[in-house]
Amino acid sequence: MLVPAKNSPKERDSALLVAISTGDRRALEELYLSYHRRLARFLSRFTSRYENVEEIINDTFMVVWQSAKDFRNASQVSTWIIGIAYRTALKSFRRQKNHTGALSLDDYPEQTVDPTGDTEVSDWLKHGLSRLPVEQRLTLELAYHMGHSLEEIAAITDCPVGTVKARMFHAREKLRQYLPTLSGAPSDLSARIG
Amino acid sequence: MTHDRRIENSAEHHEVSELLPWYVNETLAERDRQRVDAHVGVCASCREDLAAQRRICQAIDAQPAVDYMPVASLKKLQARLDAQAESGGSLAPPKEQAANRLPWRGWMAASIAAMAVAVALLAADRWAQVEARRTQPNYRTVTSSAPRPQGEVIRAVFSPTITLVELQTILDEAQLRIVSGPTEAGVYSLASNSTLTVRASLALLRQHSTVRFAEGTSPEPASGNSP
């Protein structure tokens with residue numbers, strides 16, 4: 001399946017999905033390779049284990065292969081695929097009770113961390129994010145890294161807009177408690193991040 | 001109550017505060033964006049929060065992506081699809097595969113039924129042997145021949161690797177049924193299920209490579225043209 005290069009990513013995705021719905025394996029492979037990087041980054045918020053990330057991505061594309069015919073353009077292809085990955089990952093996450101990210105910030109109400117000394121901001125933030133409930137952590141990732149709108153996140157996570165707002169609100173509040181410098185006083189941190 | 005406190009307690013403040021992350025990632029509709037602009041202009045708390053959210057967004061976005069190996073993962077997906085296509089008999093996506101699975105399920109059901117029939121036949125045969133032993137003397141003279149199962153017309157030996165399903169298919173085709181066996185030597189006694197001649201049944205049996213031996217147990221009736 002060769003999609004003309006002049007097409008936008010959205011048009012290209014739609015054309016590939018149409019081809020997949022007719023049983024075109026090459027179109028599936030093209031779509032897979034174009035989504036692998038962003039899905040891997042997104043899913044690494046669930047788990048740091050590569051084999052789990054890989055398994056969830058492949059499970060996602062098995063569903064894409066099987067359900068391409070049912071896609072009705074009610075949303076963007078990207079929203080649809082990320083939504084499948086989100087639900088697949090949640091199922092996987094709930095199966096693995098010993099997941100390292102399963103702890104919530106509520107388990108550590110008194111702890112706060114600031115980036116001092118040689119602590120890298122990214123490691124420090126990663127540690128803070130890992131203390132959030134998975135739904136809140138992913139809402140932050142969907143908005144702040146993947147750039148999805150409120151409505152798109154509601155579609156991806158299959159929940160009302162109000163729920164997305166509430167998850168984001170709680171995530172912000174918990175980060176404010178856990179990472180006071182990053183979430184509150186600017187101090188010299190913005191310079192370090194910038 | 002101060003002016004700032006009144007603003008922070010207003011419904012507008014709470015609603016705008018909830019929208020700040022999407023103001024930061026620039027996905028708000030124009031009307032909501034203007035609403036946030038207007039409120040942030042008069043609310044110090046939201047200005048602080050907005051600055052904090054921008055720092056968090058920047059920090060999250062700046063986190064290095066883990067570089068996985070897409071081609072290696074893709075090969076695993078391809079292997080799964082190949083396996084699915086082989087079991088479903090089609091490369092087509094699921095709905096078609098679902099349809100293709102139906103005959104496969106039917107074949108499975110037929111296989112199970114055939115196995116059940118074979119097991120029942122073997123059990124019946126075993127029971128018949130026990131009954132025969134009970135009613136017959138447990139010795140044989142040198143001049144007497146081994147008792148033949150009732151209705152036996154053919155004795156056959158099949159390949160040891162033959163499955164029950166394959167065996168039943170061959171017997172159905174030759175219109176035969178098992179009346180006894182297998183013996184320790186692997187010999188089955190077969191009876192006719194129809195008016196098909198023994199010669200015809202033998203010919204049908206012998207065309208299969210899994211039939212190692214097949215012979216009639218009584219001489220074929222003489223042909224009408226024979227003198």
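Chain B has 227 residues, and 32% of them count as buried, where buried is under 20% relative accessible area, exposed is over 50%, and partly exposed is in between, using a 1.4 Å probe and protein chains only. Before I go on, a word on what you're looking at: this is a predicted model, so local features need pLDDT of at least 70 and side-chain atom pairs count only at pLDDT 80 or more, while totals for chains, interfaces and linings use all residues. Residues are numbered from 1 along each chain as its sequence is written, chains are lettered from A and ligands numbered from 1 in the order they are written, and side-chain values use heavy atoms, with hydrogens and water left out.

Okay, back to chain B. It has eight helices and four strands; helices here are DSSP runs of H or I with at least four residues, strands are runs of E with at least two, and both are numbered from the N terminus. Along the sequence the pattern goes α-α-α-α-α-α-β-α-β-β-α-β. Of the contacts in chain B with a separation of 6 or more, 55% are between residues 24 or more positions apart, and a contact means heavy atoms within 4.5 Å.

Now chain A. This one has 10 helices and zero strands. Of its 194 residues, 51% are buried. For contacts between residues at least 6 apart in the sequence of chain A, 67% join residues at least 24 apart.

So how do the two chains meet? On the chain B side, 44 residues are in contact with 57 residues of chain A.

How many salt bridges does the rule find across the interface of chain B and chain A? Five, counting a side-chain nitrogen of Lys or Arg within 4 Å of a carboxyl oxygen of Asp or Glu. One of them joins the side chains of B:Lys76 and A:Glu54, at 2.9 Å from N to O. Helix 5 of chain B gives the most to the side that touches chain A, with 12 residues.

One residue to look up is A:Glu29, in helix 2 (residues 25–43) of chain A. A:Glu29 is buried yet has no salt bridge, and the nearest side chain of opposite charge, A:Arg25, is 4.1 Å away; Lys and Arg count as positive, Asp and Glu as negative, and His and the chain ends are not counted. The side chain of A:Glu29 does make a polar contact of 2.8 Å with that of B:Gln78.

Last, a backbone point. Most residues other than glycine have a negative phi. B:Glu26 is not a glycine, but has a positive phi of about 60°. B:Glu26 sits in the loop between helix 2 and helix 3 (30–40) of chain B, and is exposed at 71% relative accessibility.

Methods
Polar contact = N/O pair within 3.5 Å; in protein donor to acceptor, adjacent residues only side chain to side chain.
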